[in-house]
Amino acid sequence: MNQNATQPVMPGSMPRRNSRQASIVWGDNIVTIGGGAPVRVQSMTNTDTVDAIGTAIQIKELARAGSEIVRITVNTPEAAAAVPSIREQLDRMGVNTPLVGDFHYNGHTLLHDYPECAQALSKYRINPGNVGKGAKRDKQFAEMIELACRYNKPVRIGVNWGSLDQDLLARVMDENAARAQPWPAQSVMVEALITSAIESARKAEEIGLPGDQIILSCKVSQVQELIAVYRELGRRCDYALHLGLTEAGMGSKGIVASTAALSVLLQEGIGDTIRISLTPEPGAAREKEVYVGQEILQTMGLRNFTPMVIACPGCGRTTSTTFQELAASIQGYLREQMPVWKNEFPGVEEMDVAVMGCIVNGPGESKHANIGISLPGSGESPAAPVFVDGVKVRTLRGENIAQEFQAIVDEYVRSHYGPGAKKQATQEAAA
Ligand code: SF4
């Protein structure tokens, strides 16, 4: 026996942090955040809200991709006036995803002057650094919270380091200067962010907003700072937390930075809803931020959204692009089917599909997946064995491997997750 093996190695994240649970509601759709609910994926539009049709179409696309909540900018009277029309169009299209209004500077006026907007939104985002200056700050913040109470809407108090309340920052800096050993500037900034979020939440509660209707966020653009801020925020309060690295950036940099920061926090049980702030590449679909959020949660084993494609990276043993094309096409196909499959074939999101480039790891990895295909590498016989639940069932050859493999996947989904599949599984277990 190996004397170093003193206890079993148990993969998995730490227990989720205890938090209050907020409910974001539209009609029958109640999206819970915190309090043990699954970590939610949300997104934000980048259309002009005044363009009600364009905004409704983008929200529909984000919702179809799996965004459970969608935030929209409400920055002008015209935008506030467009919100009820956006909501109406979504309802007509059968999209019941709750909408969050993003307010800065004039939110108190817009929510007051446009009651139908206040009603059509399911949550308000308030940035305490952008609600007004000096004496106006507390008054305007209070007005927004009172309107949230009146319309029974939850609020995200969303602090952002780029728009931190300057009066509060000055106060925290003064307090720091009075310390026998002043903290470094970076720690003072972190302290100011956390203080702004928690003090604003406490104020909102004093005004009458229930604590379980408050969600906090404290976004910064540096990974290590974000981790430090949220660890401390999570320790100091039990409000539900919205995670996100602000201004994460474009392309792989944005994805990697968001994944690095959020993975550490989620692994520690911190975070109840996430938004990935990717800068879209020109012409790229906005849904990418939803898919990245889902993939972070799914690869960490926290939630399942869509069948996972396991594919090898390829190497000198497979010089053709066949397996790359098959991996990409099956990944796209599975994602495309999910809006329908998730209702018709419950549990299908847990399915694994392996697409491997050659015989070295192909059969082994394919046997571990629900369905796997091992394509022929360079110099191997032009045959692709297919494995279903660990058993080799077919060998595909020729030009139509992709179509034939897709048909096998379809059949697997119907027989394993369709009507009657559960009964069959139960009968098998009982036998
Ligand atoms: S499975 Fe084959 S093709 Fe894929 S990385 Fe491994 S050796 Fe290379």
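Author: Contact here means heavy atoms within 4.5 Å. The model is predicted.

Reader: Which residues is Glu 365 in contact with, leaving aside its neighbours within four places in sequence?

Author: Start with its place: Glu 365 sits in helix α12, residues 362-368. UniProt, in an unreviewed entry, lists Glu 365 under "binding site", along with Cys 312, Cys 315 and Cys 358. Beyond neighbours within four places in sequence, the contacts of Glu 365 are Ile 310, Ala 354 and Met 356.

Reader: Is Glu 365 buried, partly exposed or exposed?

Author: Buried means under 20% relative accessible area, and exposed means over 50%. Glu 365 has a relative accessible area of 32%, so Glu 365 is partly exposed.

Reader: Where is Cys 312 found, and what does Cys 312 touch?

Author: Cys 312 is in a loop, with β13 (308-311) on one side and α11 (322-344) on the other. Residues up to four places away in sequence are not counted here. That leaves Phe 323, Val 355, Met 356 and Gly 357.

Reader: How far apart are the end C-alpha atoms of residues 309-410?

Author: UniProt lists this span as "domain: IspG C-terminal", in an unreviewed entry. The span is 39% helix and 23% strand. Its end C-alpha atoms are separated by 15 Å.

Definitions and conventions:
Residues numbered from 1 in each chain as written. Predicted model: local features only at pLDDT ≥ 70, side-chain atom pairs only at ≥ 80, totals over all residues. Heavy atoms only, no water. UniProt positions renumbered as here; feature names shortened; annotations may be inferred. Helix = DSSP H or I, 4+ residues; strand = E, 2+ residues; numbered from the N terminus. Buried < 20%, exposed > 50% of the residue type's maximum accessible area, 1.4 Å probe, protein only.
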